[in-house]
Each structure stands twice: as structure tokens, then as C-alpha cells.
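Hi,

Here is the structure I promised to send over.

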Amino acid sequence: MLRFRLLSVPFASVLSPKAQITSSSLAIPKSRLRSQMESAYTTSSHPSKLLFRQLFEKESSTYTYLLADASHPDKPALKYSKGSSAVGRVAIVLCESARITVQGNELLSIYLLMEYMYMQLVDPVDKTIDRDLSLVKDLGLKLIYAINTHVHADHVTGTGLIKSKLPGVKSVISKASNAKADLLIEPGDKIQFGDLFLEVRATPGHTLGCITYVTGDGPNQPQPRMAFTGDALLVRGCGRTDFQGGSSEQLYKSIFTLPKDTFLYPAHDYKGFTVTTVGEEMLYNPRLTKDEETFKNIMANLNLSYPKMIDVAVPANMACGFQDTSSKMC
Ligand SMILES: N[C@@H](CCC(=O)N[C@@H](CSS)C(=O)NCC(=O)O)C(=O)O
């Protein structure tokens with residue numbers, strides 16, 4: 001499996017848990033460790049090297065992703081572009097699962113795992129912050145951003161905790177989510193880390209302000225591209241649409257705007273899957289292989305119970321992406 005991934009994703013290799021533990025525990029200087037890890041992550045024929053980690057939090061079944069441009073380990077800044085013009089410089093991004101994070105020394109994570117991120121380093125999760133920040137430290141990275149794909153309902157984002165432990169880190173979420181954050185992003189924005197970047201795309205439907213982060217399209221960017229979709233599209237499933245401004249009509253349309261061959265990394269998985277593609281889901285996803293009317297009917301009759309933490313998680317996540325020292329919830 002590992003070999004397959006390395007060959008299929010030349011810029012974004014995924015190390016097995018065993019390989020991660022082994023690398024992190026080596027008693028060798030950080031610079032040498034980083035050099036060893038870089039060569040393990042990436043091909044040598046290309047100047048841009050994506051360092052990529054997929055991290056899991058088992059209580060809420062949430063993924064957080066960590067991304068970095070390993071070819072520029074000492075480059076201090078990432079650039080955040082509003083539309084086509086640069087408006088600021090940032091050093092790192094982390095996303096959350098629904099968390100993604102962009103980190104620095106060029107590390108981008110989506111607490112996408114987001115939600116991507118800790119879900120974040122895209123989508124970071126509060127319960128795994130110590131583990132995730134320990135990994136960031138082991139890799140010698142400086143975390144700049146904690147990026148979220150949306151306001152999660154099933155767990156509290158780790159963004160607030162990250163900001164309290166690393167005060168320089170900036171939180172990121174979509175403007176459409178109406179949440180607080182240091183950076184409120186919109187479709188078309190770009191988050192650059194080293195020579196790599198993420199594009200921001202609107203993928204509403206699970207919630208009002210859901211966004212997907214897609215790796216750049218251009219020279220020296222990872223191929224195939226990678227998308228951190230939060231809860232919009234799950235492997236053989238999709239996010240529910242029955243609260244927080246959800247809409248099955250919007251979700252159906254959103255998903256089909258994503259590039260077909262892009263690797264899709266979700267914020268959650270409840271069955272043991274880790275990655276898929278939009279094209280694969282169009283063939284095998286029991287909801288997305290249906291026409292729009294049938295999809296809407298399926299979504300209206302899921303009969304899922306409300307997430308256990310929704311009453312705590314939503315208010316906390318509306319504020320915790322923002323440094324709010326008066327909040328007791330974080
Ligand atoms: N049982 C969990 C919540 C499970 C759930 O509702 N997951 C969401 C994403 S997190 S809001 C979802 O969209 N699921 C889609 C599906 O088809 O399962 C809890 O109590 O926290």
C-alpha cells in the first residue's frame with residue numbers, strides 16, 4: 001500500500017504509522033532527520049516537495065492533515081493571496097478535519113483536518129492537539145496557520161488550543177461560516193506555502209460556509225492534485241445536510257464542481273477508508289451515483305441522530321478559531 005501511494009502521488013507520500021514512529025524517534029540531529037524524511041516523502045527529480053501527514057482522532061473519527069513544502073525548510077514566510085493579489089505574509093498554515101492547517105517552515109495543515117487538519121493542521125481536534133504539536137516539533141516545523149474547512153458540530157476544534165500554546169499561529173475559516181478567525185477566506189483565495197499553494201473553493205451544503213482546499217494547478221505543484229473537503233464528500237458517503245444551513249441541493253452541485261482525478265481527503269471516516277477520488281465516488285458512492293432528486297430524497301431520510309456534542313461544539317467552534325481568552329469552552 002505504501003509503495004502504491006508513493007508511486008501514485010509523487011509529491012505527497014503518506015508514511016505508515018510504523019514509519020512515522022520510527023522516524024520521529026531517531027536520536028539524530030534534526031537537520032539530518034529532516035533530510036532523511038524529505039527523501040522518503042518525495043521524488044528527487046522535482047524541486048517542490050510536499051510533506052504530507054494524515055492524522056486521525058478516533059472519538060469523532062476525524063482526520064487532520066499537515067502539509068509543508070519540504071524543499072524550503074528555512075524559508076520563513078507563506079503568502080496569503082486575496083483573489084490574485086497578495087495581501088499578507090504568513091509563515092505557516094494548519095488545517096483541521098474539517099481542519100486543515102498550514103504550517104510554517106512551510107507547513108500547511110488543514111484542520112480541515114481541516115477540516116481538514118488538527119483536523120486540522122487542516123481541521124485540528126482539541127483532543128489530539130498535544131500529539132499534533134509534538135509531530136510539528138519533531139519535524140522541525142513552525143506552525144503558522146490553523147485552517148478549518150467549516151464549523152464542526154461533532155467535536156471542538158483544536159484551533160483555540162493551538163493558538164493558546166503557539167500565540168503566533170493564525171486561525172483560518174471561511175467568511176461565509178460567520179465564525180470568528182484571524183483570517184476569513186473566500187472562494188478564489190490562495191494560501192501559499194513555499195512554492196506550493198492551496199486554492200479555496202466553495203463547497204456549501206453540509207453547512208453554509210463549507211470550503212474545500214485544493215492543491216495548486218501549475219508547474220511544480222503536486223500531481224495528481226489533492227482536495228481537503230471537510231465533510232462535503234466522504235469516502236462512499238457525504239456530509240449530512242440537516243443543520244447549520246445545510247442543503248442537499250447545494251451539496252450535490254458542490255461535489256460535482258471538484259476536479260475528477262483529484263485525490264480527496266475527507267475530514268471524517270467511519271469505515272476505515274483514508275482517501276478516494278471524485279471520479280471513484282461518481283462510480284461507487286451509493287448517494288452520488290443517483291440523480292439529484294434521488295440524492296435529495298436520500299438525504300432527507302437519513303434519520304441520523306444529532307451529533308452528541310453539537311450544543312457544545314458549534315458555539316465553541318464559532319469562537320475558538322479566534323483567540324478568545326475569556327472563553328471557557330476551549
Ligand atoms: N455520531 C456522531 C455524528 C456522526 C455524524 O453525524 N457525522 C456527520 C459529520 S460530523 S457533523 C455526517 O455528516 N455524517 C454523514 C453520514 O452519512 O454519517 C456524533 O454523535 O458525534
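How many bridges join strand S16 to S19, and do the two run parallel or antiparallel? There are 4, and the strands run parallel. Before going on, please keep in mind that this is a predicted model.

S16 covers residues 226–230, and its Phe228 sits opposite Tyr265 of S19. S19 also pairs with strand S20 (residues 276–277), this time in the antiparallel sense and over 2 bridges. There, Leu264 stands opposite Thr276 of S20.

What covers S19 itself? Residues 263–266 make up this strand, and both of its faces are covered. Phe263 and Tyr265 are buried on one side, while Leu264 and Pro266 are buried on the other.

Tyr265 turns up again in the largest nonpolar core, which has 62 residues. Along with Leu67, Val172, Tyr213, Ala227 and Ile255, Tyr265 touches the most other members. The biggest contribution to this core comes from strand S2 (residues 62–69), which gives 5 residues. There is a second, separate core of 5 residues, with Ala153, Val156, Ala316 and Ala319 among them. As background, nonpolar side chains in soluble globular proteins tend to be buried together.

Cheers

Technical notes: Residues numbered from 1 in each chain as written. Predicted model: local features only at pLDDT ≥ 70, side-chain atom pairs only at ≥ 80, totals over all residues. Buried ≥ 20, exposed ≤ 12 C-beta atoms within 10 Å, placed from the backbone. Pairing = 2+ DSSP bridges. Core = buried A, V, L, I, M, F, W, Y, C linked by C-beta atoms within 7 Å.
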